[in-house]
Amino acid sequence: MSNPALTVIQLSDSFRTAWYDLAQELEVELAIVAADDTPALESVAVLLAAGGEEDRALDLMPSLHRKDGVPVYLVGAQTSHRFAVEAIRRGAADYFALPDDLNLLRRTLSARTEARRGRAASVATSPEVEEAFGELLGRSEALRETLDQAARIAKHAGVTVLLQGETGTGKELLARALHVSSPKAAGPFVAVNCAAIPSELMESELFGHERGAFTDAHAAKPGLFEEAHGGTLFLDEVGHLPLPLQGKLLRALEERRIRRVGATQSRAVDVRIIAASHVRLVDAVQRGEFREDLFYRLNVITLTLPPLRDRGDDVEVLAQAFAGQLAERYGLPVPKLTAEVRDALRSHSWPGNVRELRHAIERALLLSPPGNLDPKHFAQGRRTAPVAVDGAIPFPATLDEVMAAAARVALELNDGNKSAAARQLNISRARLARLLGLAEDES
Amino acid sequence: MNSSIPTGSSVPNDPLRSARAAMQAGQFQQAWNALNRLAETVRQTPDWLLLAAVTHFRLGEFARCRATALQARDGFRGRGDVDGETRAENTAAAGAFALGQLADAEQGFQRALGLAHHLGDEFTTARCANNLGNVAYYLGDHARALGFYRLATASFENAGSWQGMAEAWLNSAIVWRDDANVDQSRDAADRAIAAAERAGNGRLLAQALAARAETSLTLGDVDLARAQVGRALDLSREYADPLAEADALRILTGVERLSGNLDRAMNAGEDGLAIARRLEHPWAEAELQRDLALVLGARGRAREAQAAYEAAAAAFERLGSAGRAERMRTRASDLAKPS
């Protein structure tokens, strides 16, 4: 094999000497070419050196994409994250702003050269990064594309990322991997499921409150923004944020300051936001349920996790991995995936995605003979009525008892609101009253 | 619920070393003996008082724990040691919590939380938040409880404590379960299991698997729940954790009841109740009485079921959980009505 080359597509004369120095340090040939020349075949990497021609470089980027996997890095003088994001969007493997990022570029090229020479299997990453991305198991092209893009943007900690994907596709895992791979990795990672917080408590949960801010605020409490200071705040199901709070979040993102509920002073926070939604936020914007300005602030880069049904053989890779992990948890022998199991895995569409698959494997592992997975146990068969609060629905019991108990539980769940309880049970208020043993006028 | 109390391991005084070592080994009576052998001058220090308070807590002497921890707190405050003051405040509040003095516990945990957050002490912040979640849960304020558990989980993660995370997720799973929010409960239990495995804590793993089994039961998947609670029961016995065993037996009671095996359900429930009584753990006792009442009701033994509900109500009331007590009384009076 010939000595590999560093190919530089030079749009201006800036930093020309830096390329010679880099090539010498890396012990590779240097091939400086014009934009319309063909880059060297044995390239370690291609640098598109903008040097004041940044707009032209962006226009050129899509045409430089290499099918052989050789990365094309854009190098320029622009220091804004937005420019970096745009470069990556157009296909750059990464963007380096010189002179600030020269050392970073040197390390990246050095790692590439090592990999190219076969001294290392891949671009150098930390064990934590490999572990974080490694948890997103699978080798399908659909998943790999998303993970490759994620790996490229991870180091730009100032960039806000929006993760889209159906429920159970692994959005939190990807958010965590982005955090671990970012310059904020030493800071905290705080995950919040906005759908799980009552709207009236959301502001206090996110931003904290001072003592006496509201009736129950007997003492000050820090919010999750403060807990995430210096790290990443992952806002899952961000579409559930109430509109007034969306404005407060936007201000926090723009000013990098937050104010606790009831506070007179704001405080600085250094937090990277990663937001996620299982529905298309743009639709919520059109319905007027999500602020357009916040949407564009969050949507600097969108990463979409594919549903399991679009991930080909990944379902088997995941199933085998889950079978191994869960067998260890339950002290059982690790089962092999038989042809019957593989057929069953492929024939199901997995609407609940990876989470559903994991639960199915757990169920089959526990209910099949040790060391086996019987696909008939993937899904739950006979279902009894769900047992509500405190196991309050008596079962087995007479139908009258079950109905009376259901009425009582529905009333409790609806804070004594009989109309709401009746609606939940899909019966009239009068019938609810009879079930509760109340006279009509009491209801 | 899983309470977070200090272990006493961060008290640095040399004369206290052997007591501290005994504490860490779980030999609480030996720790108390070692503490008592120390000179009178040492026994007046806030460090000694705090370690003594933690020992009292571990020995189940909650009133002495609280009184001694408050002395320690004042001592630390007098010498301007905010870190010590925070730990002592948290311990005193834990004592109040165990005594069912929920208002005092809440005030103490809140003060300790404020101090710990001000110091940037993530671990103590997390402990206090977890304990405040427990108070809110006992008082029946589930939304606030979950808020504190969220803060606890984030702070425990910042502090790198897998064990703490497992506790906070487990507590969240229990609250979601009570709210009949099965998906959230299952997700929280799964996270608790993963964190307990990372922490290498078999006792917590048993509790988390039991919580997971209960979500399967709530979903009506009796077969899966039986397999999961079986593993939880094995682990609780392997790690000699009677409280986890009592909880697993309670869930097994529900599994057998929903399977129609009422004799087995009675046996499991009575075994669990015996353990809870031996441990003098009123919360576990109340939950077991409540679930046994369902079995008794299903067997047509209405009078005994009524008595079990009344016993559960009394226990919940002692713990300050008025809403739960009221619900138990309602069920008892329902049984008294002619059908």
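## Sheets in chain A, helices in chain B

Five strands of chain A form an open sheet in the order S7-S8-S11-S6-S12, with parallel pairing. Strand S7 (189–193) and strand S12 (301–304) of chain A stand at its edges, each with a single partner strand, so one side of each has no neighbour in the sheet. On average, neighbouring strands of this sheet are turned by 20° against each other, direction ignored. Here two strands count as paired if DSSP finds at least two bridges between them. Helices (H or I, at least four residues) and strands (E, at least two) are DSSP runs, numbered from the N terminus.

A word on what you are looking at: this is a predicted model, in which local features need pLDDT of at least 70 and side-chain atom pairs count only at pLDDT 80 or more, while totals for chains, interfaces and linings use all residues. Residues are numbered from 1 along each chain as its sequence is written, and chains are lettered from A and ligands numbered from 1 in the order in which they are written.

Strand S6 (residues 161–164) of chain A runs parallel to strand S11 (residues 272–277) of chain A, and four bridges join them. Gln164(A) stands opposite Ser277(A) in S11(A). Helix H6 (residues 141–153) of chain A lies across S6 and S12 of chain A, at about 150° to S12(A). For such angles, axes are lines fitted to C-alpha atoms (for helices over the stretch in contact), and the angle runs from 0 to 180 degrees between N-to-C directions.

Now turn to strand S1 (residues 5–10) of chain A.

| Strand pair | Bridges | One bridge partner pair |
|---|---|---|
| S1(A) and S2(A) (residues 29–33) | five | Ile9(A) and Val33(A) |
| S1(A) and S3(A) (residues 43–49) | six | Val8(A) and Leu47(A) |
| S3(A) and S4(A) (residues 72–76) | four | Leu47(A) and Tyr73(A) |

Ala5(A) also stands opposite Ser43(A) in S3(A).

A residue is buried if 20 or more other C-beta atoms lie within 10 Å of its own, exposed if 12 or fewer, and partly exposed in between, with C-beta atoms placed from the backbone.

### Chain B, built from helices

Chain B has 18 helices and zero strands. Buried residues make up 60% of its 339 residues. Its C-alpha trace spans about 70 × 35 × 35 Å along its principal axes. A compact globule of 339 residues would have a radius of gyration near 20 Å, and chain B agrees with this at 21 Å. That radius is taken over C-alpha atoms, and the globule rule is 2.2 Å times the number of residues to the power 0.38.

Because 12 of its 13 residues are buried, H4(B) is largely enclosed by the rest of the structure. Among the buried ones are Trp48(B), His56(B) and Phe57(B). The cover over the buried residues of H4(B) includes helix H1 (17–24), helix H2 (28–36) and helix H5 (62–78) of chain B. Just after H4(B), Gly60(B) takes a positive phi of about 80°.

### Where the chains meet

Just after H13(B), Ala240(B) takes a positive phi of about 50°.

His359(A) has its place in helix H15 of chain A. This residue counts as buried because it has 21 C-beta neighbours inside 10 Å.

Definitions and conventions. Two residues are in contact if their C-beta atoms, placed from the backbone, lie within 7 Å.
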